Amino acid sequence: MKIVDARVVLTSPGRNFVTLKVETDEGVTGLGDATLNGRELAVVGYLRDHVVPLLLGTDPYRIEDTWQALYRGAYWRRGPVTMAAIAAVDVALWDIKAKVAGLPLYQLLGGASRERVRTYGHASGRDIPELFDSIRARLAEGYPAIRVQTGVPGLERVYGVHHGATPDGARPVVEDWDTGAYLRSLPGVFDAVRQEFGPELTLLHDAHHRLTPIQAARLGKDLEPYDLFWLEDCTPAENQDGLRLVRRHTTTPLAIGEVFNTVFDYQTLVGEQLIDYVRSAVTHFGGVSPLRKLFDFAAQHQIKSAIHGPEDISPVGMAAAIHLDLAIHNFGIQEYAGHTPLTHEVFPHAYTFTDGYLHPGEAPGLGIELDEELASAHPYEPAYLPINRLQDGTIHDW
Ligand code: GCO
Ligand code: MG
């Protein structure tokens with residue numbers, strides 16, 4: 001079998017998604033997600049100009065060899081643009097191989113290690129009453145675990161609460177930040193949530209890279225009475241050494257890695273067991289092949305998976321994640337923010353979300369299609385992620 005065509009499809013059924021469609025001379029096709037929120041066109045160019053020409057004429061069964069050739073052959077390794085592009089190829093080739101085998105992808109990854117995939121959803125509110133309503137809405141949808149984000153007194157626009165979509169696509173929205181106010185208010189929020197919803201509900205929180213190690217240590221300690229499932233991205237964790245300090249001070253479990261793109265970002269974190277969950281997405285980590293290797297490395301240190309699953313991972317990336325979640329032994333939890341009804345129409349899929357649990361379905365391959373006609377009716381719309389400034393105007397981590 002040979003690859004005879006590979007096309008990059010950019011569509012915006014509510015938000016932008018980048019999809020690679022690989023075609024073979026035997027008519028079998030494969031899909032991969034290469035969406036990089038706010039930098040979509042960079043990945044489109046990388047794929048179209050530098051990856052697709054190298055794929056034509058090659059054997060789609062040689063997934064590992066193709067992966068290594070794209071990673072090592074470029075000489076310029078790593079980085080989110082490169083790794084999102086390689087991820088799309090890797091996933092599309094797994095899709096083809098599993099379709100030819102007539103099996104759902106999870107069967108090629110070792111088969112099911114569980115019956116279904118536990119998820120967590122997002123609840124947020126500017127204040128406590130709004131937050132409680134949001135938690136009740138997620139519980140009504142069946143979510144067994146809930147990420148809690150709230151407004152911070154004195155701040156207008158805060159991550160996870162105020163939707164930071166760019167109104168005209170021209171400039172990023174500016175959000176506000178004050179670490180002191182956040183550290184003072186958050187433990188009280190979790191206290192109120194525990195009083196209202198009791199001790200059993202699984203709760204998570206995302207600090208979105210905003211703290212220094214000593215601030216993160218204090219927050220982890222202050223949140224211990226509220227028994228969080230995890231505190232996510234407490235620091236900008238590319239400084240892996242900083243996590244030693246956090247870890248020395250708190251038993252709140254830590255999750256990190258949605259912005260990471262290779263195993264090298266995790267060497268200290270996993271090797272020294274400084275975290276409890278690895279958060280990388282199939283889409284941003286070079287695909288199913290390297291993420292599977294990361295999970296095996298993490299398993300040696302009793303660290304579990306927690307694949308990133310925001311709205312900006314397309315249903316193609318989500319399908320790949322769910323197959324991996326079902327197959328690996330050290331599965332932890334899967335983030336599932338869901339998609340708009342139109343997005344589900346553009347990407348018809350076999351995976352299901354029932355009572356807060358996902359299942360990849362039994363269709364051969366990834367179990368996902370792309371309605372190219374509908375996709376082309378919803379063209380790319382420029383959009384940026386917000387930026388974040390302190391009250392004196394200094395740029396802060398977003
Ligand atoms: C999460 C993430 C997202 C990111 C987004 C950026 O935990 O789901 O932090 O909300 O901000 O994916 O594109
Ligand atoms: Mg996050």
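These are my notebook entries on a predicted model.

**Metal site**

I started with the magnesium ion (ligand 2) and looked up its protein donors. They are D206 (OD), E232 (OE) and E258 (OE), lying 2.1 to 2.2 Å from the ion. I then wrote down the sequence spacing of these donor residues, D-x25-E-x25-E. D206 and E258 link distant parts of the chain, 52 residues apart. I placed D206 in strand β7 (residues 202-206). E258 sits in the loop between β9 (254-256) and α9 (267-271). Next I checked accessibility against the cut-off for buried, which is under 20%. D206 has 2% relative accessibility, so I count it as buried. E258 has 11%, so it counts as buried as well.

**Helix α3**

I turned to α3, residues 80-101. The helix has 22 residues and reaches 31 Å from its first C-alpha to its last. I noted that this is close to the 32 Å expected at 1.5 Å a residue. Is α3 largely enclosed by the rest of the structure, or largely open? I found 16 of its 22 residues buried, so α3 is largely enclosed. Just after the helix, G102 takes a positive phi of about 75°.

I looked up two residues here. R78 is not a glycine, yet its phi is positive, about 65°. I located R78 in the loop between α2 (63-73) and α3. With a relative accessible area of 32%, R78 is partly exposed. D227 is likewise a residue other than glycine with a positive phi, near 55°. I found D227 in the loop between α7 and β8 (230-232). Its relative accessibility is 52%, so I list D227 as exposed.

**Helix pair α7 and α8**

I compared the axes of α7 (residues 213-223) and α8 (residues 242-249). They come within 8 Å and cross at roughly 25°. Angles under 35 degrees count as roughly parallel, so I call α7 and α8 roughly parallel to each other. α7 passes α8 in a right-handed crossing. Which residues make the contact? From α7 I listed P213, I214, A216, A217 and K221. From α8 I listed G242, L245, V246 and H249.

**S289**

Last, I checked S289, which lies in helix α10 (residues 288-299). Buried or exposed? At 8% relative accessibility, S289 counts as buried. I then looked up its contacts, leaving out residues up to four places away in sequence. S289 touches I63, E64, D90 and W94.

Conventions. Residues are numbered from 1 along each chain as its sequence is written. Chains are lettered from A and ligands numbered from 1 in the order in which they are written. This is a predicted model: local features need pLDDT of at least 70, side-chain atom pairs count only at pLDDT 80 or more; totals for chains, interfaces and linings use all residues. Side-chain values use heavy atoms; hydrogens and water are left out. Helices (H or I, at least four residues) and strands (E, at least two) are DSSP runs, numbered from the N terminus. The expected span of a helix is 1.5 Å times one less than its number of residues. Buried means under 20% relative accessible area, exposed over 50%, partly exposed in between (1.4 Å probe, protein chains only). Donors are N, O and S atoms within 2.8 Å of the metal (3.2 Å for Na, K and Ca); water is not among the atoms, so sites may look incomplete. Axes are lines fitted to C-alpha atoms, for helices over the stretch in contact, and angles run from 0 to 180 degrees between N-to-C directions. Angles under 35 degrees count as roughly parallel, over 145 as roughly antiparallel, 65 to 115 as roughly perpendicular and the rest as oblique. A crossing is left-handed if the near helix is turned anticlockwise from the far one by less than a right angle, and right-handed if clockwise. Contact means heavy atoms within 4.5 Å.
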